[in-house]
Amino acid sequence: MPERWEERWTLPPPMDRGLMRACIGLSGLGAAILLIAVLHDPARAWQIYLVNFLFWGGLAQGAVVFAAIYHVVEARWGLTIRRLAEGMAAFLPVSFLLFFPLYPALDLFFGRIQDVNPLRGAWFDPRFIFVRGGLGLGAMTVVSLLFVYYSLRPEVGAALERGLRPRRWLYGVLAQGWQGERLEIQRSERGMDVLAAGVLLAYPITYTFMAFDLIMALDPFWYSSLFGVYFFVSSFYLGLAGLTVVVALLARRGLPGIASRQLSDLGKLVFGFTLMYAAMVWSQYIVIWYGNLPEETHFVVLRLWEHPWAPLSWSALAAVVLAPFVVFLSRRAKENTTIMLSIGLLISAGLWLERYVLVVPSLWPGDIAPLGWMEIGVTAGFLGAAGWSYGFFFQHFPLLPLTPSVQAPNPAGAHALEKTSSSA
Amino acid sequence: MSDLTYSQVDRDILRAMQAPGRLYYVVFFANLLVLAWGIFAWQYTIYRGLGVWGLTHPVMWAMDITNFVFWVGIAHSGTLISAILYLFRVRWRASVYRTAEAVTVFALLTAGLFPLIHLGRPWFFYWLLPYPQGGGLWVNFRSPLVWDVFAVMTYMIISVLFFFTGLVPDVAVVRNRTTGWRHRFYAFLAQGWQGTDRQWRHYKAAYLFLAALATPLVVSVHSVVSWDFAQSVVAGWHSTIFAPYFVAGAIHSGLAMVITLLIPLRRIFRLDTYLTQTHLENLAKLIILTGLIVGYAYVVETYIAWYSNNVPEWQRFVYQVTGEYAVLFWIMILFNSLVPLLFFVKRIRTSTPWLFGISILINIGMWCERFVIIVTGLAHEYDPYSWGLFIPTWVDISITLGAFAWFFFWFLLFAKFLPVISIVEVKEELPPPMKSTGSEA
Amino acid sequence: MEVNRRDFLKIIGIGGATAAMAGCGTQPPESLIPYVVPPEEIIPGEATWYATVCRECPAGCGMLVKTMEGRAIKVEGNPDHPVNRGRLCARGQASLQGLYNPDRIRQPLRKGTDGTWGPTSWEEGEKVLAARLAELKGRGGRVALVTPLVTGSLDRLIDDWLRAVGGGSRLRYEAVSHEPLREANRLAFGVAAVPFYDLEQAELILSFGADFLETWLSPVEHARQFGAMRTYRDGRMGRFAYIGPRLSLTGANADEWIAVRPGTEGVLALGMIHAILAEGLATALPASEEAAFRRLVERWTPVETAEQAGISPDKVRVLARAFARSRPSLAVADGRTSNGTDICLAITLLNYVAGNVGRTVRFGPTAAAGRTSPYREMRTLLQSMEKGEVSLVLLAGVNPAFTLPEGERFRKALEKVPLVVSFASFPDETAMASHLILPDHTFLEGWSDAEPWDGIQGLQQPTMRPLYETRALGDILLSVAKQMGLQQQLPWEDFPAYLKEQWKGLHRQSGPAEDFETFWARALQRGGLFRPVPSRPVRLNPEVFRHRFEAPRFAGESEGLTLIPYPSPIFYDGRTANRPWLQELPDALTQIVWDNWIDIHPADAKRLDVSEGELLRVQSPLGHVELPAHLSGGVRLGTAAVAVGQGHSAFGRYAEGRGANPLPLLPAEPETASGSQPWIATRVLVTRTGRRHLLASTVGSDRPHDRGIIQTIPLAEVQRLRHPEKHPHLLQMYPEHPHPKHRWGMTIDLNACIGCGACVTACYAENNIPVMGKVQVAKGREMSWIRVQRVDEGASHHPEHRFLPMLCQHCDHAPCEPVCPVYATYHNPEGLNVQVYNRCVGTRYCSNNCPYKVRRFNWFMAEWPEPLHLQLNPDVTVRSMGVMEKCTFCVQRIQGGKLQAKAEGRAVRDGEIVPACAQTCPTRAIVFGDLKDLDSEVSQRSKDPRRYRVLEHLNTQPAITYLKKIIAGPVEG
Amino acid sequence: MARPSAGLVGSFRHLDSLLEAISRLHQAGYRDLQALSPVPHHAIDEALKKPPSPVRVFTLIGCLLGAATGLVLTIATSLHVSLITGGKPIVSIPPFLIIVFELTILFGGLLTLGGMLLNARLPLVHIVPAYDPRFSEDRFGLWIRCEVRDFDPVTRLLESADAEAVHRVGE
């Protein structure tokens, strides 16, 4: 790992200009298609929009939460990975803005639940959902960005001091009241302590209510108390998967700080969350299966046993649970970038499908699953947006963080770390 | 701690195993009395019938199952600390995990009794075991209670294995320093351990895999326990969040129990060098986490009760908050999810009295939680005509106290007969004696 | 007194051994002819049925008694009997516990000079009696013989015998009697009789305080008629309004409760006549009479009437209109106030004006109930006893020391009598006050016959050999006569001979189509001789127009609450208070067991600062009792109600010391007109004692709580009903499972259920359900497999009771089954939710997971004090401690039925397999059968558009379909 | 060749001395070495060039065995008893999976332990002569089995890696 920080800027950004342009183009195209779709078949357009909103937002947020956890538990095994995760925060403000176009669709989504129980009507009044959703997501975004900001601040300031990196307008803003490297590193550590905690507190709450309001409530009869947990776990899992993709890609480019050990640690983490995700699915399934209460079962049966959703659901489960579980049982698989990359992609794709199956069957009356140009277009648009925002981040900020000061706090720590890794 | 030498470690930890003082005996026999009383209460139940408990129609489970869930819960923190933290390479676990594991084993010994005690015809308990029975009958594998049998049995076996495996190298040390029957006893436990590289290699491997197995197991066990309730259709029981909620709750209570036991242990055996304030502080931090999870579950349960638009669900919630058992409910909210937040304050989580007090409150709170879930769910079921109340009798209470006595009976023996801190792992945490770095052992 | 009773129990103890012996496999006498084909001998394990008559109250229902190994183990109604057509009430069901009551008097007893009891021999006892009679013979009139309302042969024998032994006064004393009714009919039509009221035909019934579903005349019969009358047919059903200060169980089944002031029922009736005439609705009335009526009732304008009765004038007009317009209508009355006769008369006239006489009110058949001796005569006897004019009192089956307002005084008076002989079967208050007890058989052990209505001769035969050394009253009388050398007057050597003689007479009347023996055999098999009786036309007696109607009089201060004692639906006049099944049977309206209490209106309670369960001192000018308060909107403001029947000071372990007997609070003056005893005749001052009393009830919450457990539907909407909407989205986790041969199911029509609780007691009797006692029930540990849930859907000051029999629903998706770790409960191929007792380990999870809460756990080892154990049904396991139990749909009967069908090589017939609850249900609310048989009644009924299943949203798929109760709303004119 | 019964035991104060000794003996061509230490250390394993423990295989087998047992047990017995409860299918896979899971863990754990005992040659009835209680406390031991004629060179090697003491065992 390069000790002298100048080298941090010599590393090439993960995305070159061409790729960036492609992404921007893609997002523009997506927007266009969305527009056409809305005019053509709003119901269908908005539901796929919601799917992607949940998917990409969750991906970015999940990754940032990972960074926060990494900081809180004072992990030391892969700083680069942390920074790559922080990078995903760049999409959060975009995602936040993408929430608001949903407004016209809310009546579409919550008309039924308002009819079913007028008592709950006020709670599902589109305006109210809009407000609380906006506030929740807003807060979540702000906290996440601040966390990342504190993580960046030291190198930004350092860069300015050394007159590196021309984009003064941005750096100027970020490095307000710079007090010198040593001090800044400590300050940023403290700031990150607080904000990481903030992120970790805000995340479950925001995402629980996202799950309840934007997915569960689409079906006016169904409810499951675990659904919130399930959703934020799966979003975090999604974040990890996305991260795995990025890490695997960069590892093949030989990015320093990402050795086979980092890969395999990341692999173990993904493996762990495969189990976690499975547990969340299972905990709901077994209870609903056993109780066999119509108000619960209809939601599950519709997706797992009824045409046309069953094949989609099962393939989603296969991609999200089965594949990673089997593959990651092997130790070597976790160190192989190709396998990591493909598993990462598989999980991400699977989770996109999962979001799709959670949302669409509640809204879509037809007996053919709507998967056509609208869906592809809108998804592509989101992909583009996520892409260029991520690229943007690394065009401005180094891949290797300065905080926490790299040398491990005590040799015993390193010692312990070696020891267990050897036995693992 | 890093200025310790290997032999110093041996001396310090073995000191705890010297012949006990008067206080120990007083406590031990007082405890024995309570235990005897509890056993009497149980025998009386068997003789007269479950009618001597406060149980009634519709509340057919109450303190019996509460105790069962409570003790299984206590067990969980042990495995968390010894297995999960091991996998996560958390260094500070070394000095606390032995005690935590002992808590696991003894808590399971206690919990395991209740499925037996609570039966209407305990003398037929073996009918719950999977073996071909009269008329080609087997157990009903669809029943959560059978899952319980498997989960708890497995858990008990695995934790005992884990416990004794971890003990072997330590016991070898003890073996070398004892004579007479003690020597023979420890020699037996040590299984002829000498710490050859071969032994160590396979030992470490086995230990790692046991840890890897124990981790999903511990999660499954309390999930299964939670499903004793969640699989039913009882309003307030049938809830998908129960599994993770119970697991978190279990660890919550377990950590509290570990703190409750470590603090006096550390004081009496003067182990402050090994059980430092940071150890307790870290446990306290974990408690913040579990406390938050449990609190989250309370909130979500409430929200869903309202959201579901399910009349019995909501009425039961209102009853739980305002009915005869409301006090217990509020105790549970206060002690389990609010009081632990005090640990956010560094001064509190680093002060032994605070730690001790709060950990005891959490123990109380978690017991209440189980009671509230079980009893309020049953007391106000679907048919209002059959609503009813559980009012504990002296027998209920005696058996509950007896269970605590039973637990402490084993723990007291443990404290005197086995090293309460893992000698080897503490040594591992020390930098090895190196001529090059001049560090000595 | 106390001392005596304790000795008593000692003696009973001695008798124990005999009982045990008597129990095991006693062969019944050869002469008995069973209901079904006579068996050559008793086949072990096979039931033999005997037809007989229920004597628990004067209604005289026909009864079939199931005996096994020579022991009576279950009683059921006799389907051939015109009174009850196969149905029985709870009291009838519990008669077995009279037979097997552990406190029965087991041999003749004699009180020593020191007042302690000792056993004696029959010879000895009869000698004493004979000697006494002999010495009194010819000194005339110093003998008094008191029996309840005995009818038929025994009645005649007693008269003959009394004449033979030298005469004396003979009383037929019933505490719950109908003299005012009889007197009213005498005044109106010159016929001193209680007519036949045809509830079934009526379009509208107005009950002026007549609790015809509980204790009035012939409850089971009336319940059946009522059920039929209330049946919904094309948009209509019979309407029913209840008028009276207290909402009785009968009233609870009415469309409307009009809470008039006590004793003003008659006024309302007169007011209605006034209104009917005013609106010219009395079409049936001849002009002459109409004028007379106008004069008679002119005082009672609707306004005046309403003023006196404490209701609104409109109500009077509406009722009048409705009553006159519904053809036919029917008004029934029970005069229990000081102006009882006037009330009954007014109602009789109301019926007459509306043209119901001859249609729904028919003279022929008339009721035996009209032949009781008025209470006034008991009073006379009492006074002459006090004057020492009576030297011998014979008491058979009556308990005046308990049922007379001056019971205590009666007991003292008895002391003035040199010899008091009691024929009682139980150590009740009166028996304890006698000198010599010559115990009679219970009716299940002896011969007799009963004639509740003229034309209906029920034949009572012994169903088993007497348990103890008891003798039939008839036999005693005859043998005493023999000892007195009266052979020529009374030549019969025992009562059966006399009985046969009487029936030879009936045989002659019925025409010698067949020889007597066949006639007799058929009578025994059928349970009696039932002949239609033509109804006699009656003419209104003009005298009646000169009748002066009086207002009720009440003793006690005016600020007190008017006390309304009423005969308990469960204990009648207290004679069944020693039956544990009945003590454990929840009172229909309060669900309280093992107790009695005083109903106080919530507003009064507020005024008096009284709370539920507080022990109150109830003070009348004549005395005071202490009773726990029960707050209930079921009494009119300013009144308080207490059930009669509890509060025994003697009468065995189950009856003694429960609550208090309100009768001693009542003034003793007979009602002038009829000589009956007015029960609603005093006001009481209610004061707090500050002490509390545990009222054990089986109800958790009696409010509906929006659970939709008891569902109702307005009359108007029934027609519009189509099949109830299916669940909006029924996507299940797993497929349905088939029932290859049968699928046993049940329908319960909530519109027919009157909440009487007969099903509950029948279930106790059939299924060996243990009785837990007050303390355990208070803890919610009653063991009933079926319960009649009561929900109050009305306002707190005006309750609206709904009843729902709840039992195991035998769900297709029974939540109780999968949670059992040992397969102790599962779903059998015929759709039964089976409970395997000897497999159960008692985890109790099944009960926790049963949404209907119908599973019962054996908290202790159940006990049946000897000889109650002799009643246990050998076809049903007695459950041991620590196991779960519940309704089995009477699986033993299902098995029996299937075997029967198999033996006869045919399919099971619809209706041949009937569980105990369905069998006894007086209104046929409960119907059982095979749902796979699409023509079966149960299948038909379960297609009824009113159908619903309790807690359907849980997808348990019960085998029991309920039919919603129809709410007709207040009567409109 | 037949394994020599006798041997030398050197005891060391320091871990690195031990490692030093090991590598020198290796160079000198002595292969039959066994280290004794109060704590495990991967450096020792690396120095001795021992293969990784095969216990993991036992664990895996155990788990598979457990899973299989669970499936067979639940399905077979349910089919055998074949009573319907709560309308659930006779073969109700979801509940059975819970049993399968528990047995997987149980058997896995048991075989793991078995594997360890088997491979580590435990339990050991007789303590090897080379063992010294201090090896469980604060000393590192190295046991070389060799012919008597090699004693001197080995002793020298050990002392050159400054062993505290060298004993002869197994004569």
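Is Asn185(C) buried or exposed, and what is its relative accessible area? Asn185(C) is buried, at a relative accessible area of 0%; buried here means under 20% relative accessible area, exposed means over 50%, and partly exposed is in between, with a 1.4 Å probe and protein chains only. Asn185(C) belongs to helix H6 (residues 179–189) of chain C. Helices (H or I, at least four residues) and strands (E, at least two) are DSSP runs, numbered from the N terminus. Gly125(C) is 60 residues away from Asn185(C) along the chain, and their C-alpha atoms are separated by 44 Å.

Hello everyone, and a few words on how to read this. This is a predicted model, where local features need pLDDT of at least 70, side-chain atom pairs count only at pLDDT 80 or more, and totals for chains, interfaces and linings use all residues. Residues are numbered from 1 along each chain as its sequence is written, chains are lettered from A and ligands numbered from 1 in the order in which they are written, and side-chain values use heavy atoms, with hydrogens and water left out.

Let's take confidence in chain B. The score is pLDDT, the predictor's confidence in each residue, from 0 to 100. Chain B has a mean pLDDT of 93, with 99% of its residues at 70 or more. Within chain B, confidence is lowest in helix H1 (residues 6–15), at a mean of 89, and highest in H12(B), at 97. As a rule, where pLDDT is low, the predicted coordinates should not be read in detail.

Now to the salt bridges. A salt bridge is a side-chain nitrogen of Lys or Arg within 4 Å of a carboxyl oxygen of Asp or Glu. How many does a search of the whole structure find over all chains? The search finds 94 salt bridges. One of them joins Arg132(A) and Asp213(A), whose closest N and O atoms are 2.7 Å apart. This pair links distant parts of the chain, with Arg132(A) in helix H8 (residues 126–161) and Asp213(A) in helix H10 (residues 181–214) of chain A, 81 residues apart. Arg132(A) counts as buried because its relative accessible area is 16%, and Asp213(A) is buried too, at 5%.

Arg132(A) also lies over the face of Phe124(A), at 6.0 Å from the ring centre. For a charge to sit over a ring, NZ of Lys or CZ of Arg must be within 6 Å of the ring centre and within 35 degrees of the ring normal. In chain B, Arg93(B) lies over the face of Tyr97(B), at 4.3 Å from the ring centre.

Over in chain C, Glu972(C) and Arg239(C) meet in a salt bridge at 4.0 Å, N to O. Glu972(C) is exposed, at 56% relative accessibility, whereas Arg239(C) is buried, at 14%. In chain D, Arg13(D), Arg134(D), Asp138(D), Arg139(D) and Glu164(D) are linked in a network of salt bridges.

Next, the aromatic rings. Rings of Phe, Tyr and Trp (its six-membered ring) pair if their centres lie within 6.5 Å; planes under 30 degrees apart count as stacked, over 60 as edge-to-face and the rest as tilted. The whole structure holds 120 aromatic pairs over all chains. Among them is the edge-to-face pair of Phe329(B) and Trp330(B), 4.9 Å centre to centre with 80° between the planes. Phe329(B) is buried, at 5% relative accessible area, but Trp330(B) is partly exposed, at 45%. Another edge-to-face pair is Phe226(C) with Phe240(C), at 5.4 Å and 80°. Phe226(C) sits in helix H7 (residues 219–230) and Phe240(C) in strand S10 (residues 239–243) of chain C, 14 residues apart. Both Phe226(C) and Phe240(C) are buried.

Finally, two backbone details. A cis peptide bond joins His57(B) and Pro58(B), with omega about 15°, and Pro58(B) is in the loop between helix H2 (22–48) and helix H3 (63–87) of chain B. Asp234(C) has a phi near 20°, a positive value in a residue other than glycine. Asp234(C) lies in the loop between H7 and S10 of chain C, and counts as exposed because its relative accessibility is 58%.
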